Amino acid sequence: MIETIQVMPGVTLRCYPAERFKQGCLSFQFLRPMNSQEAALNALIPAVLLRGTVRRPDLRAITLHLDDLYGASIGALVRRLGDYQTLGLYCGFVEDRYALSGDKILEPVMDFLEELLLDPVLEGEGFSHEFVESEKRNLIATIESERNDKRAYAAAQMLRKMCSADSFGIPRLGEREQVERIDSVTAWQHYQRVLRESPAEIFYVGSAAPELVARKLRHLFQRIDRAPVTLPAQTPFHDGGTGDYVETMEISQAKLVMGFTTPITNQNPEFAAMQVFNTVFGAGMTSKLFMNVREKMSLCYSIGSGYYSSKGIMTVSAGIDADKETVVRDQIRTQLEACRQGDITQEELTAAKEAILSGLRGIYDSPGSIEGYETTAAIGGLPLTVEEYYRAVEAVTTEQVARAAQSVKLHTTYLLKGVAS
């Protein structure tokens, strides 16, 4: 169903033909290796590009132009997918057939996308100093907001420790210190490297002919002096050593995060079974962790698990009283052991599978969710279509879930607790 067009070397267009939506979408992403030296730069640049162009030099002019395009929207796009970081723009727009007679929307939107990417407001040898400094403040505020969300902060700290030898430990938006060092000249110089070297992934959902989109993209890229570099393939987890870490902070509720590894990644035949295991174990309100550790035993305020399939990492996060740390750890291990032994009821298995299947069914409900799944799958290395994924989950057995659980090994633990705890 996805039509893939190699627009030119290093530029891939994927099109999902859809007639049933009133809106289409187009994402434009450059791929970079996840790198601590440039993560913040990559996160900052899309926001700077959206501040103005030579023709439309401020937000008011941009907003007025988008209003003229039937309320089209364009936003910054920054993702971390395994070993890669992406930076680019996401466009949403009304389909041409819903415009007034004679009006076009897709082509003007793509023209404006080209304008944003290639005709930014410059000052001297760099981007506009005002734009860069303003967006640096916004990015720092976003990064700092994580510290205020103690659950997110603890999870990020655990991944930093666990992935000391792996790029997956690098925060998606970089570090505050990296942002502070950026200036308008270094940002512009880096963007020139991005334009020149980076593979580009474009995904379109809509009813227009794929070749029309490809033609517009060829025009855009012909303006760039390209020398694309092939990125290394996605890799599984690189182990830098295990650890058990404790950090203190002025908080009342402690946060325990446990990091596990598994050889099962999104490219493994047992991927669907691993997803079902994660859901049975800790993802959702029917999971063993939620029903037993939180509801029946009242040992924690919150608890849940997550599976990072590109790396084969599973995490368990719990909000607890610090003096219950040992018993909570023991109960997490107990519930994991139950899964390893196949102690899973038919109700638990059915509920877990239905939770995943419901999410998969919802993918086709909007252009944005289609783009999110298909682009993440293509860049992150998942070889399954939605339909293949659906059938694989339906076929998972209790025995397969138990085998997936048996592959999971505890690697790193992290506890964030109050100063006086």
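**A helix and its buried side**

Author: Helix α12 (residues 346–361) has 16 residues, and its first and last C-alpha atoms are 22 Å apart, close to the 22 Å expected at 1.5 Å a residue. The expected span is 1.5 Å times one less than the number of residues. Helices (H or I, at least four residues) and strands (E, at least two) are DSSP runs, numbered from the N terminus. This is a predicted model: local features need pLDDT of at least 70, side-chain atom pairs count only at pLDDT 80 or more, and totals for chains, interfaces and linings use all residues. Residues are numbered from 1 along each chain as its sequence is written, and side-chain values use heavy atoms, with hydrogens and water left out.

Reader: Which residues of α12 are buried?

Author: Glu348, Leu349, Ala352, Lys353, Ile356, Leu357 and Leu360 are buried. They cover an arc of only 155° around the axis, which puts them on the same side of α12. The arc is that of the directions from the helix axis to the C-beta atoms. Buried means under 20% relative accessible area, exposed over 50%, and partly exposed in between (1.4 Å probe, protein chains only).

Reader: Why do residues three or four places apart point the same way?

Author: An α-helix has 3.6 residues a turn, so residues at that spacing point the same way.

Reader: What do the buried residues of α12 pack against?

Author: They pack against α9 (271–281), α10 (288–296), α14 (386–394) and α15 (398–406). Contact here means heavy atoms within 4.5 Å.

Reader: Changing topic, how many aromatic pairs are there?

Author: The structure holds 10 aromatic pairs. In one of them, the rings of phenylalanine 28 and phenylalanine 30 have centres 5.2 Å apart and planes at 70°, so the pair is edge-to-face. Rings of Phe, Tyr and Trp (its six-membered ring) pair if their centres lie within 6.5 Å; planes under 30 degrees apart count as stacked, over 60 as edge-to-face and the rest as tilted.

Reader: Is phenylalanine 28 buried or exposed?

Author: Phenylalanine 28 counts as buried, at 0% relative accessibility. The rings of phenylalanine 28 and phenylalanine 221 have centres 5.7 Å apart and planes at 10°, so this pair is stacked. The pair links distant parts of the chain, with phenylalanine 28 in strand β3 (residues 23–33) and phenylalanine 221 in helix α8, 193 residues apart. Ring pairs link Phe28, Phe30 and Phe221 into a cluster.

Reader: And where is alanine 233?

Author: Alanine 233 is in the loop between α8 (210–221) and β9 (243–249). Alanine 233 is exposed, with a relative accessible area of 59%.
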